[in-house]
Structure formats: C-alpha cells, structure tokens
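Subject: Structure handover

Hello,

Here is the structure I said I would pass on. My notes on it come after the model.

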Amino acid sequence: MAIAVIDYGSGNLRSAAKALERAAAERGAAQEIIVTADAEVVRRADRLVLPGVGAFGDCSQALGAIPGLREVLDQRVKQDGVPFLGICVGMQVMAGVGHEHGDFLGLDWIHGAVVPLAPADPDLVVPQMGWNSLVVGEEHPVLDGLDGQDVYFAHSYVMVPADLAEVLATVDYGGQQTAAVGCDNWIGVQFHPEKSQAAGLRLLGNFVTWTP
C-alpha cells in the first residue's frame with residue numbers, strides 16, 4: 001500500500017511525509033509514503049495527499065504544469081474512489097475558483113470559491129497564524145476525535161463552498177470560517193496537521209486507515 005504525497009513545488013513536503021509515516025506507524029498501517037511529481041506514480045498510489053502553501057493561483061498553475069497530473073487526479077479520485085487529503089492550499093484548490101491576486105480555476109471537486117479571510121473583529125489580524133479550536137459539525141471518519149481540539153492555521157484566504165453540507169468543520173475567527181470540507185472519498189483541511197501535534201497525528205492516522 002502506498003500513499004503519494006504530491007510534489008508540485010508547493011508545501012513543506014518533508015514535514016507532511018514524516019508526519020504521515022509516524023501516523024501510519026502508530027496505527028500499525030503498512031503504508032509506504034512516496035513524495036512524487038510523477039503522474040504515473042500518482043496513478044498507482046492507493047491514497048493521495050496534496051499539501052500546499054502560498055497563493056492559490058501559483059499552486060493551481062503548478063498542478064497544471066505537470067504533464068497528466070490533473071487528469072490522473074480526476075481519474076483516481078473522482079472515478080476510482082481513491083482516498084484523498086488536501087492540506088491548506090491543497091484543500092483550497094479543490095474549489096472551483098480562487099480569488100487570490102486574480103481569478104484562477106481549481107479542481108472544482110467542491111463547488112465554491114476561495115475568498116479573502118475577513119474576520120468581523122477588527123482586532124484579529126490576517127493572515128491567521130496560530131492555534132484555533134475545531135468545531136466538527138458533520139461526523140466524518142477522518143475527523144473522529146477532533147471536535148474541540150486545537151489545530152494550527154496559517155492562511156489569508158478561506159473556502160466558501162456552495163453547498164454548506166460539504167463543510168465538515170469550522171473555527172471561530174471573527175465569525176465562522178471553513179476548516180474542513182469533504183465529499184465522498186475526498187477531504188480537505190485548512191489547517192496544517194503536520195504542525196498540529198497530537199491532534200494532527202490523529203487526523204493523519206484516521207486518514208491512513210480510512211475506507212470511504
């Protein structure tokens with residue numbers, strides 16, 4: 001069994017891969033963690049993880065620049081039902097469009113848009129950098145045991161899905177903000193599991209043992 005951590009030039013891939021290795025070991029899950037930019041390796045993987053930091057447009061365009069990768073992602077995730085986890089901007093590019101420094105198309109697995117984070121409290125700064133408590137509103141195996149847990153955020157933009165049923169968890173940051181989205185066999189989180197200590201390892205452990 002192999003988990004492909006997709007390398008498209010965005011994200012702290014080493015930290016994500018190491019956290020996945022530890023989470024898999026703690027669950028006794030025999031999973032090989034492969035960091036790859038090769039669409040054919042992604043095609044053969046049993047689970048897929050898409051980390052991401054930086055701007056939506058840069059990440060979306062970088063995905064499109066790797067030959068065959070978008071097509072393989074659509075096939076493996078939407079057609080073959082392979083479990084998928086998007087992290088931070090890797091979650092945001094699951095949306096239809098991102099409005100960061102322009103308008104850029106995403107994967108459109110979650111219909112909706114990524115818009116500037118605009119907390120109602122003027123004392124709250126953007127970007128949001130630091131810990132916040134998850135409110136899990138929709139039960140999901142990957143989020144099991146995480147309701148009320150503190151996780152680490154670092155972002156200036158937030159996803160607003162068209163279908164609120166696809167919002168699995170939120171945080172309060174000058175209003176209710178999307179923290180996790182999902183549908184079928186794909187899930188994305190705005191926070192960084194690899195920086196979220198025990199809560200992050202629990203989420204990654206849930207993911208590596210998840211059977212949608």
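Overall

Please keep in mind that this is a predicted model. The protein contains six helices and 14 strands. Its radius of gyration is 16 Å, close to the 17 Å that the globule rule gives for 212 residues, so the protein is as compact as a globular protein of that length. Along the principal axes, the C-alpha atoms fill a box of roughly 45 × 35 × 30 Å.

Of the 212 residues, 55% are buried.

Eight strands make up an open sheet with mixed pairing, in the order β2-β1-β3-β4-β14-β13-β12-β9. The edges are taken by β2 (32-36) and β9; each has a single partner strand, so one side of each is left without a neighbour in the sheet. As background, strands of a sheet pair through backbone hydrogen bonds, either parallel or antiparallel.

I looked at the β9 end of this order in some detail. Strand β9 (residues 135-136) pairs with β12 in the antiparallel sense over two bridges. Strand β12 in turn pairs with β13 (residues 176-183), again antiparallel, over five bridges. β13 and β14 also run antiparallel and are joined by four bridges.

Individual bridge partners can be followed across these strands. Val 135 has Thr 170 of β12 as its bridge partner, and Thr 170 has Thr 178 of β13 as a partner. One step along the order, Ala 180 stands opposite Val 189 in β14.

β12 and β13 form a hairpin with three residues between the strands, and Gly 174 takes a positive phi near 65° there.

Two buried positions

Strand β12 (residues 167-172) is mostly covered, with five of its six residues buried. Ala 169 is found in this strand. At a relative accessible area of 1%, Ala 169 counts as buried because the cut-off is under 20%. Leaving aside residues up to four places away in sequence, Ala 169 touches Leu 134, Val 135, Val 136, Gly 137, Leu 143, Gln 177, Thr 178, Ala 179 and Ala 180.

Val 189 lies in strand β14 (residues 186-189). Val 189 is buried too, with a relative accessible area of 0%. With the neighbours up to four places away in sequence again left out, Val 189 touches Leu 85, Gly 86, Ile 87, Cys 88, Met 91, Ala 179, Ala 180 and Leu 203. Among these contacts is Ala 180, the residue that stands opposite Val 189. Between the C-alpha atoms of Val 189 and Leu 168, which are 21 residues apart along the chain, the separation is 9.2 Å.

Backbone points to check

- The peptide bond from Val 126 to Pro 127 is cis, with omega near 10°. Pro 127 sits in the loop between β7 (110-116) and β8 (128-133).
- Asp 108 is not a glycine, yet has a positive phi of about 65°. Asp 108 belongs to the loop between β6 (104-105) and β7. With 33% relative accessibility, Asp 108 counts as partly exposed.
- Gln 197, also a residue other than glycine, has a positive phi near 55°. Gln 197 is found in helix α6 (residues 197-208). At 59% relative accessibility, Gln 197 counts as exposed.

Regards

Methods
Residues are numbered from 1 along each chain as its sequence is written. This is a predicted model: local features need pLDDT of at least 70, side-chain atom pairs count only at pLDDT 80 or more; totals for chains, interfaces and linings use all residues. Side-chain values use heavy atoms; hydrogens and water are left out. Buried means under 20% relative accessible area, exposed over 50%, partly exposed in between (1.4 Å probe, protein chains only). Contact means heavy atoms within 4.5 Å. The radius of gyration is taken over C-alpha atoms; the globule rule is 2.2 Å times the number of residues to the power 0.38. Two strands pair if DSSP finds at least two bridges between them.
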